[in-house]
Amino acid sequence: MAQRKKLITVLKILFSAVLLYFIFTKIAFKDVWETLKATRPLCLVVALVFFVLSKAIAAFRLNLYLHQLRVFLAHKSNLQLYLLGMFYNLFLPGGIGGDAYKGYLIKKKFAVDTKKVVSILVLDRLSGLLLLFIYACLLALLIDHDMLKPLNLLFGSGIVLGILVFWLLNKKFFAYVLGVFWRSFGHSALVQLAQLVCVFFILKALHIENHIPVYLFVFLISSIVSVLPITLGGIGSRELTFFYGALWLGLDQNISISISMVFFLITALVSLTGIFYHFKKVVLNTVETQ
């Protein structure tokens, strides 16, 4: 099992490297670097704040699910655990994954069914993906582009079907957390909205004033693609999506790659803070139940 995990990690690293190599044979890295050097620092700080906000709300969303399992984790402990999970997911891909380690600690501390813990961790991810999809569809409906306009009916029906299918899946297989479906949905909406605002300020930092909805649409698609477990922390797959999104939708490819790189750097910076809880054990305190 350990050898298999190492092999998968090596393959992910190689695939990420191949994708990045491919991208930087298609564009001039010097031009990307010049774009990055001209960024507005204040806008980057605001983008960082909204990214942190998005992760804090995501942690609260996970706690909604945990409370349904009668795991009444204090918000402070939950935030610490969430940061540790982010660090493991990005910086220790060859070791235990962030989600798996969170599940392990929760199972170790609380008398809770393992399958249910795994289920809520999966649901937490799926809830976020659903809102990425919904926001992408909404933006697609607002964008006046020849490639997207013929698909308006598909985008509109996709929103309704996405919510309906996810609710039915929750009702059929995860009824024990159905009570927080709409609250978790609301949290997910705020999470992805905060990330969109984060990217909006990245665009402002890069002096981008035109085609902002299109850049945001490509970002949402890249976020969905980056979740696929085929690269190291989404490195390469996000950039590839930005590259082809820019190509197909008539955007500046250098700017698109710059957006992707800045967003990754912000993600890495915030994730790196979780190293503190790698060395200092997270204490899973609980709150009093009502």
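Helices H3 and H4 cross with right-handed geometry, a crossing being right-handed if the near helix is turned clockwise from the far one by less than a right angle, and left-handed if anticlockwise. This is a predicted model in which local features need pLDDT of at least 70 and side-chain atom pairs count only at pLDDT 80 or more, while totals for chains, interfaces and linings use all residues. Residues are numbered from 1 along each chain as its sequence is written, and side-chain values use heavy atoms, without hydrogens and water.

**Packing of H3 and H4**

- Helix H3 spans residues 41-68 and helix H4 residues 75-91; helices are DSSP runs (H or I, at least four residues) numbered from the N terminus.
- The two pack at an angle of about 115°, their axes lying 9 Å apart; axes are lines fitted to C-alpha atoms over the stretch in contact, and angles run from 0 to 180 degrees between N-to-C directions.
- On the H3 side, the contact (heavy atoms within 4.5 Å) includes Phe51, Phe60 and Leu66, and on the H4 side His75, Leu79, Tyr82 and Met86 are among the residues met.
- The residues of this contact comprise ten nonpolar, three polar and one charged; Ala, Val, Leu, Ile, Met, Phe, Trp, Tyr, Cys and Pro count as nonpolar, Asp, Glu, Lys and Arg as charged, and the others, Gly among them, as polar.

**Aromatic pairs**

- The structure contains 16 aromatic pairs, defined by ring centres of Phe, Tyr and Trp (its six-membered ring) within 6.5 Å, with planes under 30 degrees apart counted as stacked, over 60 as edge-to-face and the rest as tilted.
- Phe166 and Phe181 form a tilted pair, because their ring centres are 5.7 Å apart and their planes stand at 45°.
- This pair connects distant parts of the chain, with Phe166 in helix H7 (residues 152-173) and Phe181 in helix H8 (residues 181-205), 15 residues apart.
- Phe166 is buried at 9% relative accessibility, and Phe181 is buried at 2%; buried means under 20% relative accessible area, exposed over 50%, and partly exposed in between (1.4 Å probe, protein chains only).
- Tyr244 and Trp248 are also a tilted pair, at 5.4 Å centre to centre and 35° between the planes.
- Both residues belong to helix H10 (residues 237-249), four residues apart, about one turn of the helix.
- Tyr244 is partly exposed at 27%, whereas Trp248 is exposed at 53%.
- Phe87, Tyr88, Tyr101 and Tyr104 make up one aromatic cluster.

**Charges over rings**

- Lys116 sits over the face of Tyr176, 4.9 Å from the ring centre; the criterion is NZ of Lys or CZ of Arg within 6 Å of the ring centre and within 35 degrees of the ring normal.
- Lys172 lies over the face of Phe173, at 5.6 Å from the ring centre.
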